[in-house]
Amino acid sequence: VGKLNNVLKLHLTGTTSFFEGSDLSPHLEEKRIWDRERYFEIIGNNERAEKIISMFVGSISLEIEHLSEAVISRDRYEISRIAHYIKGSTTNIYGEQISKYLSELEQSALNDDASCFDDLMKKIKVASFFLIDELGGS
C-alpha cells in the first residue's frame, strides 16, 4: 500500500521526491517526469511537437526492451550504446527523470560497474511508463 501511495503521488505531482526511501529512488533530488512547458516552448510549433511525441511513444517501448535484453546479457557495450541512444531521444523531449536514469546506466556500463544494472533498469522501466502516460495527455 505504501509503494502504491508513493507511485500515485509521483504520478499526480510529476516528481521523484515521493520515491524517497524506497528502492525506486536513487537520490533525494527531485526530477520531473516531463517538462511539458519547456518542450512546447522550445519546439514552438504544436503540430510538430505532437508529431515528435507520437513518434517517440511509438518507439520507446521497443527501445527499452532492447536495453533490458542487453542488461540481462550484461553486454556493457550494448548497454552503453542503447542507453546513450534512448537518452538522446528522452532528452530531446525533456523527459528529465528517465534521462537521468539512462545517463547513470550508460556511465555504469562505461565504467564496467554492473552492480547497479538491474536496479537502474527497473527505474528506467517505471520512468518510461510514467513518461508515456504523461505524453499521452499532452
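A nonpolar core is a set of buried Ala, Val, Leu, Ile, Met, Phe, Trp, Tyr and Cys residues joined through side-chain atoms within 4.5 Å; buried means under 20% relative accessible area, with a 1.4 Å probe and protein chains only. The model is predicted, so local features need pLDDT of at least 70, side-chain atom pairs count only at pLDDT 80 or more, and totals for chains, interfaces and linings use all residues. Residues are numbered from 1 along each chain, and side-chain values use heavy atoms, leaving out hydrogens and water.

**Exercise 1.** Find the residues that touch the most other members of the largest nonpolar core.

*Solution.* Start with the core itself, which has 32 residues. Trp34, Tyr39, Leu67, Ile79, Leu105, Ile124 and Leu131 touch the most other members. Next, see where the core comes from: α2, α3, α4, α5 and α6 each give two or more residues (helices are DSSP runs of H or I, at least four residues, numbered from the N terminus). Now zoom in on Leu67: beyond four places in sequence, its partners include Ile79, Leu105 and Ile124 (contact means heavy atoms within 4.5 Å).

**Exercise 2.** Work out where α3 bends.

*Solution.* Go to Ile60, where α3 bends by about 35 degrees; that is the angle between axes fitted to the seven residues ending there and the seven starting there. Ile60 is also one of the buried residues of α3, and those pack against α2, α4, α5 and α6. Finish just past the helix, where Arg74 takes a positive phi of about 60 degrees.

**Exercise 3.** Decide whether Glu106 is buried or exposed.

*Solution.* First, locate Glu106 in α5. Its relative accessibility is 7%, so Glu106 counts as buried. Then look at its side chain, which makes a polar contact with the His84 side chain at 2.9 Å.

Notes:
Buried means under 20% relative accessible area, exposed over 50%, partly exposed in between (1.4 Å probe, protein chains only). A polar contact is a pair of N or O atoms within 3.5 Å; within protein, one must be able to donate a hydrogen and the other to accept it, and residues adjacent in sequence count only if both atoms are side-chain atoms.
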